[in-house]
Amino acid sequence: MRALRLTAWQHEPELLDVDDPEPGPGAVLVRIGGAGACHSDLHLLHDFAPGLLPFDPPFTLGHENAGWVESVGAGVTGLEPGQPVAVYGAWGCGRCGRCLQGMENYCENRAEFRREGCGLGFDGGMAPLLLVPTARHIVPLTDLDPVDAAPLTDAGLTPYHAIKRSLDQLVPGSTALVIGAGGLGHLAIQILTAVSAARVVAVDQSPDALELALAVGASHGVLAGDTAAAEVREITKGRGTDLVLDFVGVDATIALAAAVARPLSDVTLIGVGMGSFPFSFFTVPYEVSLASTYWGSASELHEVVALAEAGKIRAHVERYSLDDAARAYTDLAAGTLRGRAVIVP
Ligand code: NAD
Ligand code: ZN
Ligand code: ZN
């Protein structure tokens with residue numbers, strides 16, 4: 001089969017021939033319906049120097065996957081060929097404390113096998129077939145089309161985890177600020193609206209992204225720039241925000257987050273823009289909690305899928321063929337995409 005592979009750091013992806021994978025004992029072979037193109041892949045292609053991450057190329061890209069069970073390895077029960085499924089992509093050891101809590105994104109034995117997950121060291125889903133090493137990473141779907149479900153496994157799951165840990169902030173009258181209304185951000189707005197009472201304000205540098213943000217539930221769209229902090233403060237009647245989700249993570253967006261955060265609130269950094277901000281007694285309002293989050297847990301993915309199956313959230317998807325997958329990344333880099341690009345092999 002053909003697969004879109006990262007063959008070296010700081011290198012464009014290549015469509016190459018690879019052997020069809022076979023499921024060994026305990027494994028599941030998934031026929032890919034959709035594989036989302038995440039901005040993190042752009043960081044993999046362009047930004048990360050060798051040695052920064054605990055894994056190395058070559059591997060097939062694609063860490064947001066859904067499709068149908070093709071076949072199962074010896075000992076796997078309860079999954080039928082043809083059944084639609086989403087794939088939990090953070091693949092940990094399965095036996096450490098964090099993995100046993102379903103948080104394989106924070107596996108404590110990562111150093112042992114030097115890979116982060118599907119499409120991140122292990123071969124991912126930008127190919128007709130994906131080998132999933134264990135059935136515990138499989139999340140059954142009922143009504144969802146795998147093309148719509150694929151983005152849920154990261155662009156949905158990552159904001160869901162970040163929102164869930166701050167749910168107690170999101171009481172009636174509260175404001176959540178989403179910086180970067182792209183693949184993750186447009187789902188974050190919908191999740192905030194579905195699970196909390198917060199009013200959602202979006203900031204983006206792209207007017208088109210702000211238009212999508214308003215269409216999916218944001219009450220205000222604010223163009224990024226020098227006046228954004230004052231505009232957000234004005235919207236909150238001077239009180240400030242209760243949760244900021246920064247899906248960009250450059251110096252300017254973290255500074256914006258610190259400038260609008262209300263005392264006692266949460267600021268959560270999700271974007272891998274590699275920006276920084278000085279943390280000291282007077283740079284951040286009192287008792288603001290700063291955290292970075294990475295992906296989410298397997299049980300949270302079940303919850304995200306349930307939200308989507310209930311019709312409460314829906315990824316805005318732009319489809320690309322496998323032949324055209326490289327163009328999905330150039331469009332993503334150019335900022336011309338809205339919502340999520342999904343490769344349909
Ligand atoms: P995306 O390209 O789909 O969306 C990014 C959005 O941010 C776009 O709408 C863009 O216009 C906007 N933007 C860019 N620079 C901006 C700026 N300076 N000010 C305001 N808006 C700006 O990207 P995505 O796939 O949603 O990913 C977003 C970020 O999250 C990436 O850095 C990605 O690597 C990261 N990410 C992190 C995790 C995690 O677990 N922490 C998971 C997935 C993605
Ligand atoms: Zn991602
Ligand atoms: Zn583990």
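A nonpolar core is a set of buried Ala, Val, Leu, Ile, Met, Phe, Trp, Tyr and Cys residues joined through side-chain atoms within 4.5 Å, where buried means under 20% relative accessible area (1.4 Å probe, protein chains only). The views show a predicted model, in which local features need pLDDT of at least 70, side-chain atom pairs count only at pLDDT 80 or more, and totals for chains, interfaces and linings use all residues. Residues are numbered from 1 along each chain as its sequence is written, and side-chain values use heavy atoms, with hydrogens and water left out.

**View 1. The largest nonpolar core comprises 82 residues.** Val 30, Leu 44, Leu 61, Met 126, Leu 192, Leu 245 and Tyr 329 have the most contacts inside this core. Domain 1 (2-153 + 296-344) and domain 2 (157-292) each supply at least three of its residues; the domain bounds come from an automatic or database domain assignment.

**View 2. Surroundings of Leu 245.** Contacts (heavy atoms within 4.5 Å) of Leu 245, not counting residues up to four places away in sequence, include Ala 162, Ile 163, Leu 192 and Ile 270.

**View 3. Protein donors of the zinc ion (ligand 2).** Cys 38 (SG), His 63 (NE2) and Asp 154 (OD) lie 1.8 to 2.3 Å from the zinc ion; donors are N, O and S atoms within 2.8 Å of the metal (3.2 Å for Na, K and Ca), and water is not among the atoms, so sites may look incomplete. The donor spacing in sequence is C-x24-H-x90-D. Both Cys 38 and Asp 154 are buried.

How values were computed: Chains lettered and ligands numbered in written order. Buried < 20%, exposed > 50% of the residue type's maximum accessible area, 1.4 Å probe, protein only.
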